[in-house]
Amino acid sequence: MHELEVYSMIGAEGFTRLVAAFYRQVPQDDFLGPMYPARDLEGAEQRLRDFLIYRFGGPQRYIEQRGHPRLRARHSPFLINQTARDRWMQLMNNALAEAALPAEAERVLRTFLDGMSTFMINQAEPGTN
């Protein structure tokens, strides 16, 4: 399956289920919760949902509202190390399981999210260089 076919398979509803399942976990997470301001959790959820919909072949709402994703630049204020990346993926893996998407769509999304979360690392682990 090509990445741009994911939206046609799961639609906005599939992405909504996935992202909502992820963000339900964030406030209680001792590691990631503090990285997400409670006052903008809903906005963060919408931005991730719109980005994924755009990235996987859906409507271009994200681009229309925010322009080029510039993901590393947008996330530069946050200290993202391997531990943060791994926790983010743990919550996203939980969300993928809960969303119960078709296996092929889940595989494509998991591959993308795994690679993108690694790309977002901008800090070494404490005590390493």
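Helices here are DSSP runs of H or I with at least four residues, strands are E runs of at least two, and both are numbered from the N terminus. With that settled, I counted six helices and zero strands in the protein. Read from the N terminus, the order is α-α-α-α-α-α.

**Ground rules.** I'm working on a predicted model, where local features need pLDDT of at least 70, side-chain atom pairs count only at pLDDT 80 or more, and totals for chains, interfaces and linings use all residues. Residues are numbered from 1 along each chain as its sequence is written, and side-chain values use heavy atoms, with hydrogens and water left out.

**Whole chain.** I looked up burial next (buried is under 20% relative accessible area, exposed is over 50%, partly exposed is in between, with a 1.4 Å probe and protein chains only). Buried residues make up 39% of the 129 residues. For contacts (heavy atoms within 4.5 Å), I took those with a separation of 6 or more, and 74% of them join residues 24 or more positions apart.

**Helix α2.** What span does α2 reach from its first C-alpha to its last? I got 21 Å for its 15 residues, 41–55, close to the 21 Å expected at 1.5 Å a residue. The expected span is 1.5 Å times one less than the number of residues. Its buried residues include L41, L48, F51 and I53. After α2 comes G57, and its phi is positive, near 100°.

**S8.** Is S8 buried or exposed? S8 is exposed, because its relative accessible area is 64%. I found S8 in helix α1, residues 6–25. Its side chain reaches the backbone oxygen of E5 at 2.8 Å. I also checked S8 against F56: they are 48 residues apart along the chain, yet their C-alpha atoms are separated by 8.7 Å.

**Rings.** Rings of Phe, Tyr and Trp (its six-membered ring) pair if their centres lie within 6.5 Å; planes under 30 degrees apart are stacked, over 60 edge-to-face, and the rest tilted. I noted eight aromatic pairs in the structure. In one of them, F22 and W88 have ring centres 5.2 Å apart and planes at 50°, so the pair is tilted. F22 lies in α1 and W88 in α5 (residues 82–99), so this pair ties together parts 66 residues apart in sequence. Both F22 and W88 are buried. Ring pairs also link Y7, F15, F51, Y54, F56 and F112 into a cluster.

**Last check.** The charged end of R55 sits over the ring of F56, 5.5 Å from its centre. The cut-offs for that are NZ of Lys or CZ of Arg within 6 Å of the ring centre and within 35 degrees of the ring normal.

Notes:
Polar contact = N/O pair within 3.5 Å; in protein donor to acceptor, adjacent residues only side chain to side chain.
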